[in-house]
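Open the model in your viewer and keep the sequence panel beside it. The stops below say what to select next and what is there.

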Amino acid sequence: GSIGGFPLQHAAIMRRGYPSDLTDDQWAQIAPLFARKPTGRPPELDRREVVNAILYLVRTGCQWRYLPGDFPNYSSVHTCYRRWRLDGTLDRIHDRLRRKVRLTADREAEPSIAVVDSQSVKTTEKGGFAGLSGETVKGRKRHLVVDTMGLILSCYISAASMRDEWGAVWALDALNWRGSRLRLLRADAGYPGALASWAWRILGCLVEIVHRPEGQKGFVVLKGRWVIERTFGWLGRSRRLSKDYEETPESSRAMVLWSMTHLMLKRLHPPPV
């Protein structure tokens with residue numbers, strides 16, 4: 001059988017399987033979203049195997065050249081990875097899965113409430129631009145906007161020295177041209193009052209600052225904000241995201257979206273135990 005012209009029976013059957021491999025049901029969710037030219041020769045690469053290779057790399061944290069030999073050639077995999085990032089394929093897949101996960105949970109396809117926060121991560125000597133975050137972390141920041149389920153609505157990567165509110169503005173701007181219906185954005189006390197005016201001007205949504213209980217020390221679960229901390233925890237399961245190993249922020253963002261794509265596929269179709 002096939003989905004969108006792509007075979008369900010694939011090379012993974014001929015090789016040893018990896019825990020990160022997609023099941024038939026998971027592949028069926030995204031196969032039609034890979035654009036094919038109406039004419040010309042069919043693709044020489046099994047796209048399902050290319051996706052499996054990308055997910056293996058994201059999960060295990062290996063280098064491109066160290067992809068196991070039973071996957072397609074690492075250079076071809078990286079070429080597909082880059083093309084799908086540049087032509088919008090990855091964004092289409094990620095956004096469609098997010099909407100489907102929400103609908104499956106009996107939610108509206110697009111949220112009206114979201115949470116914003118950032119995470120500083122170290123870069124390696126290979127990485128591109130970086131900066132200091134509070135004179136402690138030299139690297140980059142992941143600025144995320146997530147819904148109340150913890151699913152990513154927008155991701156913006158900056159140098160770690162960028163102020164959180166500016167990163168939030170760039171992340172919100174990406175939501176603006178994608179037709180967001182947000183009406184409330186939750187942020188912590190680290191975001192100044194200026195964020196409220198920007199959010200209203202960009203998206204027409206209000207900002208709610210969630211404060212820590214007065215006098216409370218140590219870790220505290222803050223109302224409405226714990227969901228984004230959980231999202232950062234989900235991303236931490238992918239070893240490729242333990243640091244920022246990418247040369248460009250665009251590639252860093254792609255790694256985050258691939259990690260979340262895999263998580264959502266497993267939520268829609270849990271793999272067999």
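**Before you start**

This is a predicted model: local features need pLDDT of at least 70, side-chain atom pairs count only at pLDDT 80 or more, and totals for chains, interfaces and linings use all residues. Residues are numbered from 1 along each chain as its sequence is written, and side-chain values use heavy atoms, with hydrogens and water left out.

**Stop 1: the whole chain**

Show the cartoon. The protein has 8 helices and 8 strands. Both are DSSP runs numbered from the N terminus: helices are H or I with at least four residues, strands are E with at least two. Colour by burial next. Of the 273 residues, 49% are buried. Buried means under 20% relative accessible area, exposed over 50%, and partly exposed in between, with a 1.4 Å probe and protein chains only. Among contacts with a separation of 6 or more, 63% join residues 24 or more positions apart. Contact here means heavy atoms within 4.5 Å.

**Stop 2: helices α4 and α8**

Select residues 89-104 (α4) and 249-268 (α8). Their axes come within 9 Å and cross at roughly 35°. Axes are lines fitted to C-alpha atoms, for helices over the stretch in contact, and angles run from 0 to 180 degrees between N-to-C directions. The crossing is left-handed: the near helix is turned anticlockwise from the far one by less than a right angle. Show side chains. From α4, the contact includes Leu 90, Ile 93, His 94 and Leu 97; from α8, it includes Leu 257, Trp 258, Met 260 and Leu 265.

Now centre on Met 260, in helix α8. Which residues does Met 260 touch, not counting those up to four places away in sequence? They are His 94, Gly 150, Leu 151, Ile 152, Thr 231, Trp 234 and Leu 235. Met 260 is buried, at a relative accessible area of 0%. Trp 234 is 26 residues from Met 260 in sequence and 8.1 Å away in space, C-alpha to C-alpha.

**Stop 3: the nonpolar cores**

A nonpolar core is a set of buried Ala, Val, Leu, Ile, Met, Phe, Trp, Tyr and Cys residues joined through side-chain atoms within 4.5 Å. The largest has 51 residues. Select Ile 30, Val 51, Ile 54, Leu 67, Trp 84, Leu 144 and Trp 258, which touch the most other members. Helix α8 gives the most to this core, with 10 residues. Zoom in on Ile 30. Beyond its neighbours within four places in sequence, Ile 30 contacts Leu 22, Val 51, Ile 93, Leu 97 and Leu 265. Another core, of 19 residues, lies apart from the largest one; Ala 168, Ala 171, Leu 182 and Leu 185 are among its members.

**Stop 4: the aromatic rings**

Rings of Phe, Tyr and Trp (its six-membered ring) pair if their centres lie within 6.5 Å; planes under 30 degrees apart are stacked, over 60 edge-to-face, and the rest tilted. There are 9 aromatic pairs.

- Select Tyr 18 and Tyr 56: an edge-to-face pair, 4.9 Å centre to centre, with 65° between the planes. Tyr 18 is buried at 12% relative accessibility, and Tyr 56 is buried at 17%.
- Select Trp 166 and Trp 198: a tilted pair, 5.0 Å centre to centre, with 40° between the planes. Trp 166 lies in α5 and Trp 198 in α6, so the pair ties together parts 32 residues apart in sequence. Trp 166 is partly exposed at 41%, whereas Trp 198 is buried at 16%.
- Finish with Trp 27, Phe 34, Trp 84 and Trp 258, linked by ring pairs into a cluster.
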